[in-house]
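Here are some questions and answers for a reader who is new to this structure. The model is predicted.

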Amino acid sequence: IKSYILEKQEVKYREYKKQLGAKIKRLRQKQGLTQEQLAEKIDIATRTMSGIETGENFVTSETLEKILK
């Protein structure tokens, strides 16, 4: 049962990362920016930005704050 609960939590966590990444992507596109441009603007690697948008990487609160400015 414990492993089932942990598995469910992991699935929810991954889904949350994907949803948040999709929202960030929409915000970026609405601003007319490429991943490269936004990554440079907030001082992160383009690969990191891509990972955030696809849900591979979890965005830190510091990076999220920079994105939302």
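Q: Is Phe-58 buried, partly exposed or exposed?
A: The relative accessible area of Phe-58 is 39%. Buried would need under 20% and exposed over 50%. Phe-58 is therefore partly exposed.

Q: Which kind of aromatic pair do Tyr-13 and Phe-58 form?
A: The structure holds 2 aromatic pairs. In the pair of Tyr-13 and Phe-58, the centres are 5.7 Å apart and the planes 25° apart. Planes under 30 degrees apart count as stacked, so this pair of Tyr-13 and Phe-58 is stacked.

Q: How many residues apart in sequence are the parts that this pair ties together?
A: Tyr-13 belongs to helix α1. Phe-58 sits in the loop between α3 and α4 (61–68). The pair therefore ties together parts of the chain whose separation in sequence is 45 residues.

Q: What kind of pair do the rings of Tyr-16 and Phe-58 make?
A: Their centres lie 6.0 Å apart, with the planes at 35°. An angle under 30 degrees would count as stacked and one over 60 as edge-to-face. The pair of Tyr-16 and Phe-58 is therefore tilted.

Q: Which element gives the largest share of the largest nonpolar core?
A: This core has 10 residues in all, including Leu-20, Ile-42 and Ile-67. Two or more residues each come from α1, α2 (35–42) and α3 (46–54). The largest share, 3 residues, is given by α2.

How values were computed
Residues are numbered from 1 along each chain as its sequence is written. This is a predicted model: local features need pLDDT of at least 70, side-chain atom pairs count only at pLDDT 80 or more; totals for chains, interfaces and linings use all residues. Side-chain values use heavy atoms; hydrogens and water are left out. A nonpolar core is a set of buried Ala, Val, Leu, Ile, Met, Phe, Trp, Tyr and Cys residues joined through side-chain atoms within 4.5 Å. Buried means under 20% relative accessible area, exposed over 50%, partly exposed in between (1.4 Å probe, protein chains only). Helices (H or I, at least four residues) and strands (E, at least two) are DSSP runs, numbered from the N terminus. Rings of Phe, Tyr and Trp (its six-membered ring) pair if their centres lie within 6.5 Å; planes under 30 degrees apart count as stacked, over 60 as edge-to-face and the rest as tilted.
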